[in-house]
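Trainee: I am new to this structure. Please take me through one part of it closely, then show me what lies around that part.

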Amino acid sequence: MTGASAVLISYANTKIEELDAQRQTLSKEIAALSAESMSPEQIERLSVYLNRWEEIDFDDRRQVADSLISQIRATGECVAIEWKI
């Protein structure tokens, strides 16, 4: 950016700060997701429940859903599911 005006340098610095803030936010989200990752034992247990879905009771289904789903947003137009995995 040699020869750039002060305005252009200021704009570039502002954009760099915005992008760095986004990077930091994404890094925190990735770290949180990694911390929430399931152990092999949890995955095995969920696999058993999912393979027997028609046979398990409501409470077991609820526990499976709690393990896999972070949030559900429903409107009159759509349903959005935020998965933990």
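In which sense do strand 1 (residues 69–74) and strand 2 pair, and over how many bridges?

Mentor: Strand 1 and strand 2 pair in the antiparallel sense, over five bridges. Two strands count as paired if DSSP finds at least two bridges between them. A few ground rules come next. This is a predicted model, in which local features need pLDDT of at least 70 and side-chain atom pairs count only at pLDDT 80 or more, while totals for chains, interfaces and linings use all residues. Residues are numbered from 1 along each chain as its sequence is written, and side-chain values use heavy atoms, with hydrogens and water left out. Helices (H or I, at least four residues) and strands (E, at least two) are DSSP runs, numbered from the N terminus.

Now walk along the pair. Strand 1 covers residues 69–74. Strand 2 covers residues 79–83. A hairpin of four residues joins strand 1 to strand 2. Ala74 faces Val79 of strand 2. Ile72 has Ile81, in strand 2, as its bridge partner.

Take Ile81 next. Ile81 belongs to strand 2. Its relative accessible area is 39%, so Ile81 is partly exposed. The scale runs like this: buried is under 20% relative accessible area, exposed is over 50%, and partly exposed lies in between (1.4 Å probe, protein chains only).

Ile81 also belongs to a nonpolar surface patch, together with Ile72, Val79, Trp83 and Ile85. Together these residues have about 550 Å² of accessible area. Strand 2 gives the largest share of the patch, three residues. Patches take residues with over 30% relative accessible area and no salt bridge; nonpolar side chains (Val, Leu, Ile, Met, Phe, Trp, Tyr) are joined within 5 Å, like charges within 9 Å. The areas come from the Shrake-Rupley method with a 1.4 Å probe, and for residues only the protein chains shown count as cover.

Arg73 sits in strand 1. With a relative accessible area of 42%, Arg73 is partly exposed. Arg73 touches Cys78, Val79, Ala80 and Glu82, leaving aside residues up to four places away in sequence. Contact here means heavy atoms within 4.5 Å. Glu41 is another matter: Arg73 and Glu41 are 32 residues apart in sequence and 29 Å apart in space, C-alpha to C-alpha.

With residues up to four places away in sequence left out, Ile69 touches Ile81, Glu82, Trp83 and Lys84. Ile69 is also one of six residues in the largest nonpolar core, with Leu46, Tyr49, Ile56, Val64 and Leu68. Helix 2 (40–51) and helix 3 (58–68) are the elements that give two or more residues to this core. Such a core is a set of buried Ala, Val, Leu, Ile, Met, Phe, Trp, Tyr and Cys residues, joined through side-chain atoms within 4.5 Å. In soluble globular proteins, nonpolar side chains tend to be buried together.

The structure holds five salt bridges. A salt bridge is a side-chain nitrogen of Lys or Arg within 4 Å of a carboxyl oxygen of Asp or Glu. One of them joins Glu55 and Arg52, with the closest N and O atoms 3.3 Å apart. Glu55 is exposed at 60% relative accessibility, whereas Arg52 is partly exposed at 38%.

Helix 1 (residues 6–35) holds two further pairs. Asp20 bridges to Arg23, with 2.8 Å between the closest N and O atoms. Asp20 and Arg23 are three residues apart in helix 1, so about one helical turn separates them. Asp20 has a relative accessible area of 30% and Arg23 has 46%; Asp20 is partly exposed, and so is Arg23. Glu18 and Lys15 form a salt bridge at 3.7 Å, N to O. About one helical turn separates Glu18 and Lys15 because they are three residues apart in helix 1. Glu18 is partly exposed at 42%, and Lys15 is partly exposed at 37%.
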